[in-house]
Amino acid sequence: MKKTSLFLLLFGLLFFMAACSGEENAAGNEEENDTNASSDGEIIAWAWDQHFNIAALNVALEHYEDENFNLEIIENAQDDIVQRLNTGLSSGTMKGMPNIVLIEDQRAQSFLQSYPDAFYPIDDYFSTDDFADYKIAPTSYDGKQYGLPFDTGVTGLFYRTDLIEEAGYTHDDLVDITWGEFTEIAKDVTDKTGVAMISLDPNDLGILRVMMQTVGSWYTNPEGEITIANNDALREALEHYKTLLDNDSVKIVSDWSTFLASFNNGEVASVPSGNWIAPSISAEDSQNGLWKLAPIPRLEAAGAVNASNLGGSSWYVLNIDGKEAAAEFLGKTFGSNVDFYQDLVEEVGAIGTYKPASEGDAYTFENEYFNGQQIIYEFSQWMEDIPEVDYGLNTYGIEDILAAEVQNYLNGKSLDDVLADTQTQAENQFK
Amino acid sequence: MNTSSSYKAKPRNRQSMTTLRFKKQTIGWLFIILSIIGIGLFYFYPMVQAFLLSLQSGMGANHEYVGFANYVRLLNDPAFLTALSNTMIYLLVQVPLMILLALVFSVLLNDPTLKFRGFFRTAIFLPAVTSLVAYAVVFKYLFSPDGLVNELLLQLNLITQPLNWISDPVLAKITIILAITWRWTGYNMIFYLSALQNVDKAIYEAARIDGASTIQQFFYITIPLLKPIILFTSIVSTIGTLQLFDEVMNITGGGPGDATVTISMYIYNLSFEYTPDFGYAATVSYMVLLLVVVFSFLQFKVAGDDQK
């Protein structure tokens, strides 16, 4: 009897503790202190990619003249940043959070809406008119600007001049084409050269998003409703996707490194992707001078433009001590400094979304690797045409459902059913 | 009574038997109270909290109580059902396969006439000490379209085109099953090997004299005698498979589509990949608990009838 009563007592104690800490103040933070901000006026920033985002922060630091400003940059993989922000912010304490954090545009709304008070509005520190229009919707919420737009994911069609010519096409044949025309060229290239036109990872439907955005369409509309069943842009994009696969124009890859290998090894004739892929393409010395750049193809639908976006992220300031200093730093560098953007292009190869920057010298640099093309300038011109899209909250969630349905589609399920089923499943999950 | 005789001289030894026993018990409790508090605080308290969380829903930090709505949602959630059926496929194919393999290996390696026994035992056990992520990444490259496995099969003329081990729904599952079998067979084998040391050799001698073949010895002596340990390993493996995460995350990322997503991976996606809904994620994790209980119970029922 005594044993049981003691156990009961212990369990009672547990429930009591559970009830107590249900209040706001509780819930300790796991990994703290090592990155604890604001104690000695030091500003902490989290970002990923040593050679890109972090390099950009370092360039910004060089351009910022404030003796009292100390920035500590902590490198985290993007997945880790997402995890740490989620665990930290949801625990209700801001301990251990950074002052500045980089968030991918397609994820931003999910953070801004999930943790409304965690971020600091930075409207007063820069002018949104100076930035590419398409960057504003994903980085603002409820009429306030939270993100300072950073790099663009403006897309282009990188292609191998030798293989395209062997198939009987010239640069002009690739300029301002539709995806339908692209699939035909792809077929010719594969038939005549035996090389696949593009490489695709079945788990990554980025190419569908690129296609959809050329007409300003997405999985959801600005009201947050899921628009898959009657989405003509997505329908057309899926048809092209299947055609490319059916024609054997695609080399299937399984992850990022095999994707990089596919074009570095000369196994594909083109890479439709974001501008940030350029350094990876030019990393292969043996293909120097063989690559050129054309605008991204567009969908057939009315209003389609030959400009789209893939990836890209922005800087956010957390609502903790030091927020003014952090916002000030971002505003004075990323938010308004043309010279900084010149260095950014020259030293890092990153194209910002700050419109006045594209008039500088660095942007007109003729890239030897790409046949002397001014690729940075071309990208910055296309960037201004990118249709604005509200990425909403559930891009990645919906895409996981769609990826499964796409497999069914490739195995013969009708496109109507695929879209209708994806719609139903997505509505079940995200409403 | 003998022990207390030495205290007889002291004046305060007039306790009744009950108080003495109570004192003994208190001392016993004192010994374990720290671990009880520790386990309660770090085990049961989070479980209670997780249960309370599973009754809430909402984005990130702004969740509210919704009663059992999450549990209703769970039963109608096709993504969860896919994850569940994938996990069940792993469980039903992989666990029996691995247990059988481990048994066969352990019996082979228990043969005293076998040369280099130590080497083989180590070789088969070694995978169990590798890091989950590290071996998963290695498997991913072995099974990539131009990886070693395809290369080998091509050289042997068993296939004419590289197989899409990772991007084909069925092959991807097979890859995962191969990977976990490689990783865990040796681990289970060690349990059987140690259990075999306790089996009396005379039983096998008697069986041989009676004319039992090696196969018969395996099925009628080894397996029945190892039954308790087989039960133990199959429960541990079942629990491990229900919590499968690292391999799938690193080898296929759940793909192609959702063909290899497991329940644990779905929990991860709900928390960190999609707009976070920790309440619903906690609900799914309670589902894992429920499954573990049900399966362990079933296994006890099926195999544990002659437990003493």
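In this predicted model, 13 residues of domain 1 of chain A are in contact with 15 residues of domain 2 of chain A. On the domain 1 side, the elements that give two or more residues to this meeting are α4 (105–114) and α5 (136–139) of chain A. The largest share, five residues, comes from α4(A). By residue type, the domain 1 side divides into four nonpolar, eight polar and one charged.

Domain 1 of chain A covers 42–153 + 310–359, while domain 2 covers 155–308 + 390–429. Their C-alpha centres lie 29 Å apart.

Now let's move over to chain B and a pair of helices. Helix α3 (residues 78–109) of chain B packs against helix α10 (residues 227–242) of chain B at an angle of about 150°, and their axes are 10 Å apart. How are the two helices oriented to each other, roughly parallel or roughly antiparallel? Angles over 145 degrees count as roughly antiparallel, and α3(B) and α10(B) are therefore roughly antiparallel to each other. The crossing of α3(B) past α10(B) is right-handed.

If you zoom in on the residues, α3(B) brings Thr87(B), Tyr90(B), Leu91(B), Gln94(B), Val95(B), Met98(B) and Ile99(B) to the contact. From α10(B), they meet Ile230(B), Thr233(B), Ser234(B), Ser237(B), Thr238(B), Thr241(B) and Leu242(B). Taken together, the residues of this helix contact divide into seven nonpolar, seven polar and no charged.

Methods. Residues are numbered from 1 along each chain as its sequence is written. Chains are lettered from A and ligands numbered from 1 in the order in which they are written. This is a predicted model: local features need pLDDT of at least 70, side-chain atom pairs count only at pLDDT 80 or more; totals for chains, interfaces and linings use all residues. Domain bounds come from an automatic or database domain assignment. Two residues are in contact if their C-beta atoms, placed from the backbone, lie within 7 Å. Helices (H or I, at least four residues) and strands (E, at least two) are DSSP runs, numbered from the N terminus. Ala, Val, Leu, Ile, Met, Phe, Trp, Tyr, Cys and Pro count as nonpolar, Asp, Glu, Lys and Arg as charged, and the others, Gly among them, as polar. Axes are lines fitted to C-alpha atoms, for helices over the stretch in contact, and angles run from 0 to 180 degrees between N-to-C directions. Angles under 35 degrees count as roughly parallel, over 145 as roughly antiparallel, 65 to 115 as roughly perpendicular and the rest as oblique. A crossing is left-handed if the near helix is turned anticlockwise from the far one by less than a right angle, and right-handed if clockwise.
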